[in-house]
Amino acid sequence: VEVPVLVLVGARDQTVTPVPALQTYLALAPDRRRLHVLYGVDHFPNAQVPAEVARVFEAFIREHAG
């Protein structure tokens, strides 16, 4: 992958456990990957903590905007 990638995962997700997301994160180039773990959150972070998800996205976009 030639673009910056944000991997956002809920630590309590039982639908898709965090392990595959973390494996994907580790497979990405270190200079292009970002990981954000939402502790206490499960499979629907955008519904559970929408303000935090928006903050994480905004920070990631600002970091990589041209």
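In the predicted model, a salt bridge joins the side chains of Arg-34 and Glu-63, with an N to O distance of 2.8 Å. Because Arg-34 belongs to strand β2 (residues 33-38) whereas Glu-63 belongs to helix α3 (residues 50-64), this pair ties together parts that are 29 residues apart in sequence. Both partners are partly exposed, Arg-34 having a relative accessible area of 27% and Glu-63 a relative accessibility of 46%.

The count of salt bridges comes to 3. One of them is formed by Arg-62 and Glu-58, whose side chains meet at 2.8 Å, N to O; these residues are 4 positions apart in helix α3, a separation of about one helical turn. Here Arg-62 is exposed, at 62% relative accessible area, while Glu-58 is partly exposed at 40%. A further salt bridge links Arg-55 with Glu-52, the closest N and O atoms being 3.8 Å apart, and both residues again lie in helix α3, 3 residues apart, or about one turn of the helix. Arg-55 is partly exposed with a relative accessible area of 48%, as is Glu-52 at 29%.

Asp-13, located in the loop between β1 (5-10) and α1 (18-27), is buried but takes part in no salt bridge, the nearest side chain of opposite charge, that of Arg-12, being 10 Å away. Polar atoms of the Asp-13 side chain are instead found 2.8 Å from the backbone nitrogen of Thr-15 and 3.0 Å from the backbone nitrogen of Val-16. When neighbours within four places in sequence are set aside, Asp-13 is in contact with Pro-18, Val-41, Asp-42 and His-43.

Note on methods:
Residues numbered from 1 in each chain as written. Predicted model: local features only at pLDDT ≥ 70, side-chain atom pairs only at ≥ 80, totals over all residues. Heavy atoms only, no water. Helix = DSSP H or I, 4+ residues; strand = E, 2+ residues; numbered from the N terminus. Buried < 20%, exposed > 50% of the residue type's maximum accessible area, 1.4 Å probe, protein only. Lys, Arg positive; Asp, Glu negative; His and termini not counted. Salt bridge = Lys/Arg side-chain N within 4 Å of Asp/Glu carboxyl O. Polar contact = N/O pair within 3.5 Å; in protein donor to acceptor, adjacent residues only side chain to side chain. Contact = heavy atoms within 4.5 Å.
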